[in-house]
Amino acid sequence: MVWHEEVGSTNDIAAAAANGGSPEGFVVAANAQSSGRGRLGRTWESPPGAGLYVSVILRPLPHALPLVTIATGVAVAEGVEAASGLSPCVKWPNDVCVGSRKLAGILAEAGSSSAGDYVVVGFGVNLRPAAFPADIAARATSIEGELGRDVDRGLVLAECLAALAHRYRLLQGGARDAVIAAWRSRAAEHLGRPVEWDAEHGARRGIAHDIDARGALLVRVGDRMVRVVSGEVRWLT
Ligand code: BTN
């Protein structure tokens, strides 16, 4: 593991290390990021000390690849719970939440070099309230903001990594169902709710039902089940 005071993005540092042959399990963490990024080209606000900014090199087997984000979301929720007592939920595709507010996000990016294929899985966890832009502040929360007391950042990091090691090992070993079951129980408060997403011919709506074995969201539309695999899903309640 390497720790940096400030980087552009820990995902970039980890990808460079993976390209150079660093092994699975190599961790890059930072106190701040100047160009932290989220899904769909968004910025991940990463002020000094306000969050955990962490990236891990994984080299998943083909069968494990589609569930890396799902397994990491479960692991981050479990790590936060073990370190703080909070019990976060997960929200497809990559959010870890307390109620409707986002506590953490996951960004998995795949790459390939002569040293082999890899996935860098990055997670950002809000540790304490920060001066976020107003639109983000309205939708975000933090561990300390929820608990009203300090948390040990090192403990949160260690528990998240331990939980990720456990969930990833299960996934690699073929125990996909255990990972999906853990995700489902943490997603219970969101499943059954209406969602909207952008399909080829415009916005569509349905009721979030479950995820499938490849991590796609299954949405009930009338009497049909539609697989939503990527892009933006808007949770309507
Ligand atoms: C999202 O919710 O859109 C994903 C956010 C992922 C943020 C983390 S912080 C560590 C790693 N480095 C980045 O630049 N992004 C991820």
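Q: At what angle do helix 2 and helix 6 pack?
A: This is a predicted model. Helix 6 spans residues 176-187. The axes of helix 2 and helix 6 are 9 Å apart. They pack at an angle of about 60°.

Q: Are helix 2 and helix 6 roughly parallel, roughly perpendicular or oblique to each other?
A: Their packing angle is about 60°. Angles under 35 degrees count as roughly parallel, and 65 to 115 as roughly perpendicular. Helix 2 and helix 6 are therefore oblique.

Q: Is the crossing of helix 2 and helix 6 left-handed or right-handed, and which residues of helix 6 make the contact?
A: The crossing of helix 2 and helix 6 is left-handed. Helix 2 contributes Ile70, Ala71, Val74, Ala77, Glu78 and Glu81. By class, the contact residues are seven nonpolar, no polar and three charged. On the helix 6 side they are Val179, Ala182, Trp183 and Arg186.

Q: At what angle do helix 2 and helix 5 cross?
A: Helix 2 covers residues 68-84, and helix 5 covers residues 153-172. Their axes come within 7 Å. The crossing of helix 2 and helix 5 is right-handed. The angle is roughly 140°.

Q: Are helix 2 and helix 5 roughly antiparallel or oblique to each other?
A: They cross at roughly 140°. Roughly antiparallel needs an angle over 145 degrees. Helix 2 and helix 5 are therefore oblique.

Q: How many nonpolar residues are in the contact of helix 2 with helix 5?
A: Helix 2 brings residues including Val68, Ala71 and Gly79. Helix 5 brings residues including Leu155, Cys160 and Arg167. Two polar and three charged residues take part. The nonpolar count is 14.

Q: Which strands does helix 5 lie across, and at about what angle to strand 3?
A: Helix 5 lies across strand 1, strand 2, strand 3 and strand 7. Strand 3 is residues 51-58, and strand 7 is residues 116-126. The angle to strand 3 is about 30°.

Q: Which are the edge strands of the open sheet?
A: Seven strands form this sheet, in the order 1-2-3-7-6-5-4, with mixed pairing. An edge strand pairs on one side only. The edges are strand 1 (2-4) and strand 4 (89-91).

Q: Which residue of strand 2 is the bridge partner of His4?
A: Strand 1 pairs with strand 2 (residues 27-30) in the parallel sense. This pairing runs over three bridges. The partner of His4 is Ala30.

Q: What is the radius of gyration of the protein?
A: The protein has 237 residues. A compact globule of that length would have a radius near 18 Å. The protein's value agrees with this: 17 Å.

Methods: Residues are numbered from 1 along each chain as its sequence is written. This is a predicted model: local features need pLDDT of at least 70, side-chain atom pairs count only at pLDDT 80 or more; totals for chains, interfaces and linings use all residues. Side-chain values use heavy atoms; hydrogens and water are left out. Axes are lines fitted to C-alpha atoms, for helices over the stretch in contact, and angles run from 0 to 180 degrees between N-to-C directions. Helices (H or I, at least four residues) and strands (E, at least two) are DSSP runs, numbered from the N terminus. A crossing is left-handed if the near helix is turned anticlockwise from the far one by less than a right angle, and right-handed if clockwise. Contact means heavy atoms within 4.5 Å. Ala, Val, Leu, Ile, Met, Phe, Trp, Tyr, Cys and Pro count as nonpolar, Asp, Glu, Lys and Arg as charged, and the others, Gly among them, as polar. Two strands pair if DSSP finds at least two bridges between them. The radius of gyration is taken over C-alpha atoms; the globule rule is 2.2 Å times the number of residues to the power 0.38.
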